[in-house]
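Hi,

Here is the structure I promised to pass on.

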Amino acid sequence: MTFSIVGRDDTGTTWGIAVASKFLAVGSAVPAAEAGTGAVATQAMANLRYRPDGLQQLREGTSAAAVVAALTGADADRDHRQVGVVDREGSSASFTGDACISWAGHRTGPGYAIQGNCLVGPDVVEAAEQSWQGSVELAFPRRLLMALAAGDEAGGDKRGRQSAALLVVTAGGGYGGGSDVAVDLRVDDHPAPVPELARLLTLHGLYFGKPDPATLLPLVGALRDEVAGHLRRLGHEPSDNFDGAFKTWVGTENYEERHVPGSIDPVLLDRLRDQASP
């Protein structure tokens, strides 16, 4: 009772899953991914063992098609299951059991596997596929989300809407570089979960996105004076220690992933100006 897209980016360094369903907290059940390994989505009458078992096989170099065959071949309830896999090479495979609630089916291609069950019709997976194929210019998390949104706009789960999730992994992509989980966002119970997930992804870009070195502005001269005035109005006195006051504001607002000493990210400058405006 779910639709999802499993994908790998065109650089071969990032994997992810976007999923939506009339099901509480679908992100707790469907997606699994590991940097350098691949990604798995298990749904319909989801078999949560498909996640660790599938990743283990992918870790060993097994192809997506062989993983799907092994998982379903050993499962007596496979007719009720649906699974999509993309491996480290970008090969993909899906399975839709004959007993999955109609409409149920899947589409696969290089770097993606799209699958859904209990849908309003095949237009859902077709719309997701068209979006994926036509959005190569987007950042990978946004591309996954836009494919999910296209399926949602085409009707999605025929029972309605409740939850959505986005999981993206890449080596060192997590907060502070301390994990491989670049994006892990869930909307567990919401009347419009996919638009809400899009809102959260925008916030994720603000808080956890990295600044573009080409756009950094040196904190000197008139710009430094302007920033000092904004900091003062916000209660961070810069007179004795400008750098310390600026860093304190950055940390207070949770923008440390965008902090570059001696410069300011234009994104942060806009936020500072907005906060300090009368």
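Let me start with salt bridges: I count one when a side-chain nitrogen of Lys or Arg is within 4 Å of a carboxyl oxygen of Asp or Glu. By that rule there are 15 salt bridges. Keep in mind that this is a predicted model, where local features need pLDDT of at least 70, side-chain atom pairs count only at pLDDT 80 or more, and totals for chains, interfaces and linings use all residues. Residues are numbered from 1 along each chain as its sequence is written, and side-chain values use heavy atoms, with hydrogens and water left out.

(Helices, H or I with at least four residues, and strands, E with at least two, are DSSP runs numbered from the N terminus.) Asp-10 is exposed at 61% relative accessibility, while Arg-143 is buried at 6%. Buried means under 20% relative accessible area, exposed over 50%, and partly exposed in between, using a 1.4 Å probe and protein chains only.

Then there's the largest nonpolar core, with 27 residues. Such a core is a set of buried Ala, Val, Leu, Ile, Met, Phe, Trp, Tyr and Cys residues joined through side-chain atoms within 4.5 Å. Ile-5, Trp-132 and Leu-148 are among those with the most contacts inside it. Helix α4 gives the largest share, six residues.

Cheers
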